[in-house]
Amino acid sequence: GAKKVALTRSMFQGNSAKIGGALYSTYTRDVIIKDNCVFANNTVVLQAEDLYIDSSFELQIIDNVQFYQQSSVIPKGRIETSSVRSMKLNGVIIDSQMNQ
């Protein structure tokens with residue numbers, strides 16, 4: 001069945017993972033990240049430093065979502081998507097990032 005992930009006012013800090021330093025979502029219909037969510041100081045080996053979203057119908061990152069001070073061994077950036085049908089970004093704040 002359809003799944004929905006909705007995150008508001010959530011903090012994702014200091015996480016370390018192989019895939020998707022802070023959040024890894026697969027086969028989720030809608031992913032909504034909004035209202036002062038913060039992603040900070042996450043570390044990842046493969047894939048995106050903060051968000052890896054796979055096979056989602058809709059991805060929304062809106063309303064003051066902050067990304068800062070992440071690091072990755074293989075640089076991939078903040079957000080990586082695969083098979084996402086539609087994506088909306090609004091009010092996203094991106095600060096410095098470090099690649100090892």
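**Salt bridge, core and strands**

Q: How many salt bridges does the structure hold?
A: The structure, which is a predicted model, holds one salt bridge.

Q: Which residues form that salt bridge, and how far apart are the closest N and O atoms?
A: The pair is R78 and D50, whose closest N and O atoms are 3.7 Å apart. R78 sits in the loop between strand 9 and strand 10 (79–94), while D50 sits in the loop between strand 7 (43–46) and strand 8, so the pair ties together parts that are 28 residues apart in sequence.

Q: And are they buried or exposed?
A: Both R78 and D50 are buried.

Q: Stepping back, what does the secondary structure of the chain come to?
A: The protein chain has zero helices and 11 strands, and reading along the sequence gives the pattern β-β-β-β-β-β-β-β-β-β-β.

Q: What share of the residues counts as buried?
A: Of the 100 residues in the protein chain, 40% count as buried. The accessible surface of the chain comes to about 5400 Å², and 47% of that surface belongs to carbon and sulfur atoms.

Q: How much of the contacts with a separation of 6 or more comes from residues 24 or more positions apart?
A: In the protein chain, residues 24 or more positions apart account for 83% of those contacts.

Q: Okay, on to the inside. Which residues touch the most other members of the largest nonpolar core?
A: That core has 14 residues, and I33, F39, L51, I61 and V65 are the ones that touch the most other members. The elements giving two or more residues to this core are strand 5 (30–34) and strand 8 (51–68), and strand 8 gives the most, with six residues. As a general point, nonpolar side chains tend to be buried together in soluble globular proteins.

Q: What is I33 in contact with?
A: If neighbours within four places in sequence are left aside, I33 is in contact with L7, L23, F39, L51, Q60, I61, I62 and V65.

Q: And where is V65, in which strand?
A: V65 is in strand 8, and V65 is counted as buried because its relative accessible area is 0%, under the 20% cut-off for that label. With the neighbours within four places again set aside, the contacts of V65 are with I33, K34, C37, F39, G91, V92 and I93.

Q: What else is D54 in contact with?
A: Apart from neighbours within four places in sequence, D54 is in contact with S25, T26, Y27, T28, S82 and S83.

Q: What about I19, where does that one lie?
A: I19 lies in strand 3 (residues 16–19), and at 34% relative accessibility I19 counts as partly exposed. Beyond its neighbours within four places in sequence, I19 is in contact with Y24, V44, L46, Q47 and Y52. I19 and Y52 are 33 residues apart in sequence, with their C-alpha atoms 7.3 Å apart in space.

Q: And Q70, buried or exposed?
A: Q70 is buried, with a relative accessible area of 0%, and Q70 lies in strand 9 (residues 70–72). Between Q70 and N15 there are 55 residues of separation in sequence and 9.7 Å in space, taken from C-alpha to C-alpha.

Q: Last topic, the backbone. What is the phi of R9?
A: Phi of R9 is near 50 degrees, a positive value in a residue other than glycine. For background, most residues other than glycine have a negative phi. R9 lies in the loop between strand 1 (4–8) and strand 2 (11–13), and R9 is exposed, with a relative accessible area of 60%.

Q: What about the phi of S55?
A: S55, which is found in strand 8, has a positive phi of about 55 degrees although it is not a glycine.

Technical notes. Residues numbered from 1 in each chain as written. Predicted model: local features only at pLDDT ≥ 70, side-chain atom pairs only at ≥ 80, totals over all residues. Heavy atoms only, no water. Core = buried A, V, L, I, M, F, W, Y, C linked by side-chain atoms within 4.5 Å. Buried < 20%, exposed > 50% of the residue type's maximum accessible area, 1.4 Å probe, protein only. Helix = DSSP H or I, 4+ residues; strand = E, 2+ residues; numbered from the N terminus. Contact = heavy atoms within 4.5 Å. Areas by Shrake-Rupley, 256 points an atom, 1.4 Å probe, with all protein chains shown as cover. Salt bridge = Lys/Arg side-chain N within 4 Å of Asp/Glu carboxyl O.
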